[in-house]
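Morning, everyone. I'd like to walk through helix packing and the cores. Have a look at the model first.

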Amino acid sequence: MKALVCRAIAEDISTVRVEDCPTRDPGPGEVRLRVRAASVNFPDILMIQGKYQHKPPLPFTPGMEGAGEVIAVGAGVTRFRPGDRVVGGLRTGGFAEEAIAAEGALRAMPKGMDFDAAAAFQAAYLTAYVALVRRAAIATGETLLVHGAAGGVGLAAVDLGLAFGAKVIATASSDEKRAFLTARGAHLVLPPAGFREAVKAFTGGLGADVIYDPVGGDVFDESVRCIAFDGRLLVIGFTSGRIPQIGANIPLIKGFSLMGVRAGEYGRRFPERGRENLEAIDRLAEEGVIRPHVCARFALDEAVEAMRMLQERKAIGKVVVTP
């Protein structure tokens with residue numbers, strides 16, 4: 001089979017190459033997949049650069065989530081059989097024609113979804129669900145401010161915020177992205193700098209109840225100036241490249257909570273809740289509430305270009321690789 005292989009950690013992601021790789025039979029508790037689509041995520045890039053918290057041993061194949069068809073199952077596997085359409089989090093291995101996954105990492109594809117959408121929704125919508133439901137406990141009528149709202153995890157938060165009855169304010173970096181978010185249903189769409197006064201005006205001076213921030217840097221700094229008393233500021237990531245600092249006196253005086261969100265770790269710490277979270281986003285997908293927007297599709301030998309699209313902030317929604 002062909003797979004994208006990283007043999008050395010490098011800042012330049014173009015050092016990865018598509019190679020002919022051996023296949024193997026699934027071991028006990030494992031499933032062998034024909035990968036039909038794999039979503040591109042920032043952690044794929046960060047793993048190649050050695051900057052992600054999970055550092056797979058070299059060599060490895062990037063691709064942390066995907067969808068496909070079962071080819072074969074190992075001993076003890078009871079939930080799947082050849083031909084089943086499945087989706088799951090792989091951590092690595094998705095940018096390949098075939099992949100081996102643990103049975104527990106996979107589940108049946110939501111009804112009505114195609115492979116591209118199925119590959120593109122888990123990481124983004126699970127992150128948004130854990131952030132908004134488990135951590136922030138967002139309520140109908142609250143104001144939700146979403147940064148980086150045209151990206152995968154940002155757009156997922158916009159979609160879920162609207163579904164949960166929040167008043168959604170979205171920020172994005174270009175006219176094209178802001179027009180897309182307006183069409184998506186956001187109540188107010190703003191540039192990613194100088195948003196403070198517009199947020200306060202929209203909320204009658206109170207500020208946003210929940211702020212969802214995958215950007216960090218200057219966006220975080222401005223966010224703390226327009227958060228409501230008893231608000232929740234959700235730290236999703238730092239795509240700006242700068243991890244912000246905050247004095248403990250600021251949340252003390254302004255009366256807000258700072259909450260870190262790692263959806264995968266949340267599920268590992270609380271397995272039963274983790275299963276409930278996956279069931280919830282699958283149900284929302286089957287009901288049509290979750291509508292992943294796949295803006296571009298790339299062949300396996302174009303996987304570096306797919307990752308570059310994320311690096312250069314050109315993607316709206318999700319990008320997938322179709323081996």
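A crossing is left-handed if the near helix is turned anticlockwise from the far one by less than a right angle, and right-handed if clockwise. Helices are DSSP runs of H or I, at least four residues, strands are E runs of at least two, and both are numbered from the N terminus. On that basis, helix 2 passes helix 9 in a right-handed crossing.

Some ground rules. This is a predicted model, where local features need pLDDT of at least 70 and side-chain atom pairs count only at pLDDT 80 or more, while totals for chains, interfaces and linings use all residues. Residues are numbered from 1 along each chain as its sequence is written, and side-chain values use heavy atoms, with hydrogens and water left out.

Back to that pair. Helix 2 and helix 9 pack at about 115 degrees, with axes 10 Å apart. Axes are lines fitted to C-alpha atoms, for helices over the stretch in contact, and angles run from 0 to 180 degrees between N-to-C directions. So helix 2 is roughly perpendicular to helix 9, a label covering 65 to 115 degrees. Contact means heavy atoms within 4.5 Å. Helix 2 brings residues including Phe121, Tyr125 and Arg134; helix 9 brings, among them, Arg273, Leu278 and Ala285. The contact divides into nine nonpolar, two polar and four charged residues. Here Ala, Val, Leu, Ile, Met, Phe, Trp, Tyr, Cys and Pro count as nonpolar, Asp, Glu, Lys and Arg as charged, and the others, Gly among them, as polar.

Now the cores. A nonpolar core is a set of buried Ala, Val, Leu, Ile, Met, Phe, Trp, Tyr and Cys residues joined through side-chain atoms within 4.5 Å. Buried means under 20% relative accessible area, with a 1.4 Å probe and protein chains only. The largest core has 51 residues; Leu144, Leu181, Tyr212, Leu234 and Ile290 touch the most other members. Which helix gives the most to this core? Helix 2, with 13 residues. A second, separate core of 35 residues includes Leu106 and Phe298.

Last, helix 1, residues 42–49. Six of its eight residues are buried, among them Ile45 and Ile48. The buried residues pack against strand 3 and helix 10. Helix 1 and helix 10 pack at about 105 degrees, axes 9 Å apart. That makes helix 1 roughly perpendicular to helix 10. Gly50 follows helix 1, with a positive phi near 75 degrees.

Notes: Buried < 20%, exposed > 50% of the residue type's maximum accessible area, 1.4 Å probe, protein only. Parallel < 35°, antiparallel > 145°, perpendicular 65-115°, else oblique.
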